[in-house]
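Hello,

Here is the structure I promised to pass on to you. Have a look at it first, and then read my notes below.

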Amino acid sequence: MTTSPASTVTAPKAGDTPLIELLNVTKVYTVRAGGFRGQGRQLRAVDGVSLSVPAATTLGLVGESGCGKTTLSRLLLRQEPPTTGEVRYAGKNVWSMGRGGQKDFHRQVSAVFQDPYSSLNPRHRVREIVTEPLMVNSGMSRHDREEKLQSLLSDVGLPPAAAGLYPHEFSGGQRQRIAIARAIALNPGLVVLDEPVSALDVSIRAQILNLLKELQERHQIAYVFIAHDLAAVEHMSDQMAVMYLGALVEYAPVEGLYGNPLHPYTKALLLASQPPQPGKMSLEAPLSGEVPSPLNLPSGCRFRTRCPIAEARCAELSPQLREVRPGHYVSCHLVN
Amino acid sequence: MTGYIVSRLIQTLVTIVGISVVVFFLARLSGDATALLIPPEATAEDREALKESLGLDDPLPVQYGIFVKGIITGDFGDSFRFGEPALDVFLDRFPNTLKLAAASAVVALLGGVSVGVLGAIRAGGFVDRLTTVIALLGQAIPSFLIGIMLILFFAVELRWLPTSGMAGPKTFIMPAIASAWYSMAALTRMTRSSMLDVMETDYIRLARLKGVPERAVIWKHAFRNALVPILSLFSLQIIFFVSGSVVIEQIFAWPGIGQLTIQAIFSRDYPLVQTIVFVTSTFLVLLNLGVDLLYAVIDPRIRLA
Amino acid sequence: MPPLLEVKNLQTHFITRSGVARAVDGVTFSLERGQTLGLVGESGSGKSVTCSSIVRLLPKGSGRIVGGEVLFEGRNLLDISENEMRRIRGSQISFVTQDPMTSLNPVYSIGNQMEEPLRYHQGMRNHGQLHAKVVEALTQVGIPSPERRVKDYPHQLSGGQRQRVVTAMAIECQPSLLIADEPTTALDVTVQIQILRLLKDVQKELNLGMILVTHDLSVIARTCDKVAVMYAGRIVEEGPIDEIFARPRHPYTRSLMRAIPQIGRKEDRLYSIPGQPPDVRRLPQGCPFAPRCPDVIDRCTHEAPTEQFFGSNHRARCLRAEEMGAS
Amino acid sequence: MTTDSSSLPLDKSVAEPIAPKRASWLHNLRGLPVVPLTILLIVIGTGILAPIIQPHNPNEVDLLASLRPPVGFDGTWEHPLGTDELGRDVLSRLMDGAQISLLVGIAVVLGAGTLGATLALLAGYFRGWVDILISRATDTFLAVPFLLVAISVVGAVGASTRNLILVLIFMTWAGYARVLRSEVLRVREADFVRLAKVAGCSPARIIIRHILPNIVNPLIVLATLQLSAVIVIEASLSFLGLGVPAPQATWGGMLANGKAYLGVQNSLTIVPGIAIAATCLSINLMGDWLRVRLDPRFRQL
């Protein structure tokens, strides 16, 4: 990538309309305990998140359990409406589109998920799995679909004979290739990659990451790459967002974030993800404790209960995401 | 915990309302309910009079309201055949059925669970094969056939046991076995598979890795976890015991509600049929509720939720 | 004095419908007290089965130890009775398992489960004594307010806390060998280091020998003294950790290290190992890694490599191990 | 990456052949239980061909030839399985009974299975109030003493084959609905269903093309077990005189008849008893085989 387009958190610059953007999106679930009414508790799974992904670039998204990654991917894929805020695709609110617009959205946005076993319908052959999006969303003839199928299979490095086989006849890595072929079948503008290599063997991960990168360059696809492996995210991404308990804590171009992390949580994550070097790695845990329950958010800054540098004011005031350097946003009182 | 209890109570109430609807429509299924309630030789005027007195000309919701009011006040109408309140006739016989059901439940639970556990811990061995055979025979041979075979063998050929009637512990043996037969097989099967599932969990592995003796692994760690599906099946089986009484009591001339039902049906004693079906069902639903509350005792995840 | 643990030519097979899987196929290693051995490998490489074989807890029916020796403090564990073996499990050799969410019995309190090793191995019956011991163990692993936690049920604890409970349970009887099978895989990254730290701490305190099974090289680098790399049921390379990281001699070890994306290592394409991990039911002739090996030569496809030693404690199972060290 | 990126070589590292074993269809028949299958084929065959191969008219009364024993117990080949108290040929009546058992069994399983599966799909996929409604109805039906209600209903509407089938469908659908609903809930959570939604598939397509094929195995297994259960229930109702009305021969009815002659002519009880037991046992053994072949996870019930 020669240049990474400047991020556009609040207002996209003219001529640089992002492909997909979240504008101050919040998603609240009501959790029922025991099924008796009146006991519902509010779970803020995603809280005031604004993000944008320009075409043909990758936004990396990291965070630990309960950080809202999964909810965010559901919001991006238009599987759930935000409680407040807007999700926009190509400048249009995805929840106020007509039928045509919705169809267009399905053509433009697809996904690859973590579990290569659960992602493919065990009763369908690869042919049907890969061409289903074509069948549902395009008027392609059977012959054209077959041709497209062959080119997709070759794109992801599978032999033509794979088309007639069932998923159980493939290994995990090969299944993930099938899932990728399906995801790119309609030449989408955006693919949400939700932990696409976490379930794979270490020796297979690099194959899949390389494949994804090649396809991006070839077809000019934008990715939202959700992962917990910071090294893989660095390798894949242009922009990078760090989430903690539903909120963005840091959002910056990759070089800036890895070169000069500002938020104490980002720093901790990076410390925990050092490359393996015997003798040079500390066993001092960068953070104490564990992520608190999202049902019981701490007052003020939600990270303060584990923050090594927290002060009194962190318990009172919730920090806002602000731009501390061009394109580099952070949400912490103690960063200048 | 309270949330769980309250939601189960609401569910139970809804189920009872559901049952009342089913029972209410039972009487109206044949189109003209009076046909069931009146001897065929009655005149058209008799019919009209009856219709009016039963409120059968009112719209359905009103009729249902009257029906529910009757239920709440314990008034199910008089039995045609016995000429006394249907509820009294029913309550007279119900304990006999319950006694037999209790005996069957003990046989089924003890037999099913012990054979099932043995089968699971000796998976693939002789005992296990025996459990499979028991489970299969239980599901394939109807209880009335077992009943007849028992009579043929122990009463007619060997003359060890009385053929029928209810008098003393000896008379319980054959009906209880015949009635428990199917349930014992089902419980054997469920116990075995539930135990096998639990035995594959990580916590059983860790218990073994801790050096817990195999007996404690099975009875302390595995069995209690396997118990929840076994109990839920058992609570369905209780329904089966009462339900199956219709057949068993007919074979062994047992003076319970099963026999009463058949008599009521053949004599078109509809108030009595309605009473039997509604009260028995409600009783069983409440029993089920009790079993569900028992889960909370077994499983802290429910108790502490 | 014999080493704490010596595994010699261990072979464990699984009988499946589609053939015999040689899950562990001639594994040899040894471990001293106070030492940490890392076992790395991909799924199906045999690292977990090796650990289960040491304490003889394989899935009933299908898994069988068919050869070799497991010498624990000089005694062959494969020769003793099941009852003797059970008394060693959890007292002298204890385990920390992978998934803390499923490893604790959901229907018993933490205290109840933690009392078990004391009851069964030390015959402790006195309630006050048991309670005191359990609270002490919980304090040792850093569980806050242990007095109250004793009465809690597993589902009331977080993942990290549960893993601490599992660890506390493992060290209650003062074992001499601790086997941790992927102890951090199911946890969040920031919690992983806490648990690794805990394991190292208890190791130092009790002077334990520790086997740490993982697929994560950074876990190895953080905690181990030596490392054994497994592939297709065999140890393909073993040696002191610095040696292995600095001069890996087996192409699989080298590829594995290169294939991991590393922060700050700018590269356009990640180095990738081609192909799929092998099926241990149908291993190829010769070296099992040959079909994926970047340095494969003709000999590899028909000649099974034997172990070559480099110094006293670095060994590799590769025909070209000698040249590999040079590059 | 400014220049022609499409000329970059793709990572074609998966050249190795994909899983080599493709099972032949014969392989799928491994362990097929031959004896139960043969018994079932005989029952089905005699049931269908009854009018052609019956040695006698099953309802023909011949009081002079009443209570004849079967062959091997001093009987003759004229009536291989003997005759009943009215001199009717037991073998011919047994064939008629097979016809009724199969007809009722298959019709009820098809009806209840279709109804139960449809409701399970709707409840499991749409959740919300649809689910609550269907689940509560399911619970209600499972909570009532089924046989008691069934005979009451049959008593109310009058006994006939059609009514019997309808009542049994009405009373057994809930079993399918409960089991299959939990299957639907499981399948629904699978990522391929989420991905189908991402691809813009309609609910109808997701239910029919994605979820239904994945619950067919448990449905088949359940239906097999239910088939024998329904045959047993039909026999029980006929035994009580509330099934298919006389003089139509049914296995349960024959048993009820025979019971009166226990100690006089035991074969009148034993013969239909064996017919019921052998048929149901065979069906269950087939069901067990199917369950293992189709879905090792589906252990219970």
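Let's begin where chain C meets chain A: three salt bridges are found across that interface. One of them joins Glu214(A) to Arg269(C), and their closest N and O atoms lie 3.0 Å apart. Please keep in mind as you read that this is a predicted model.

The interface of chain C and chain A also has 21 residue pairs in polar contact, with both residues at pLDDT 80 or more. On the chain C side, at least two residues each come from α7 (159-171), α8 (189-206), α9 (217-223), α10 (241-246) and α11 (251-259). Of these, α8(C) supplies the largest share, eight residues. Sorted by class, this side of chain C is made up of 18 nonpolar, 15 polar and 11 charged residues.

How many residues are in contact here? There are 44 in chain C and 47 in chain A. Together the two chains bury about 3700 Å², with 56% of that on carbon and sulfur atoms. In chain C, the residues that lose the most area to chain A are Arg222(C), Ile263(C) and Arg269(C), which together account for 19% of what that side buries.

Next, please turn to chains D and B. Here 45 residues of chain D are in contact with 50 residues of chain B, and the two chains bury about 4100 Å² between them, 75% of it on carbon and sulfur atoms. The count of salt bridges between chain D and chain B is one: Arg189(B) pairs with Asp288(D), with 2.6 Å between the closest N and O atoms. Three residue pairs are in polar contact, both residues being at pLDDT 80 or more. Which element gives the most to the side of chain D that touches chain B? That is α9(D), with 11 residues. By class, this side of chain D has 26 nonpolar, 12 polar and seven charged residues.

Enjoy exploring!

Key: Residues numbered from 1 in each chain as written. Chains lettered and ligands numbered in written order. Predicted model: local features only at pLDDT ≥ 70, side-chain atom pairs only at ≥ 80, totals over all residues. Heavy atoms only, no water. Contact = heavy atoms within 4.5 Å. Buried area = accessible area lost by both parts, 1.4 Å probe. Salt bridge = Lys/Arg side-chain N within 4 Å of Asp/Glu carboxyl O. Polar contact = N/O pair within 3.5 Å; in protein donor to acceptor, adjacent residues only side chain to side chain. Helix = DSSP H or I, 4+ residues; strand = E, 2+ residues; numbered from the N terminus. Nonpolar A, V, L, I, M, F, W, Y, C, P; charged D, E, K, R; others polar.
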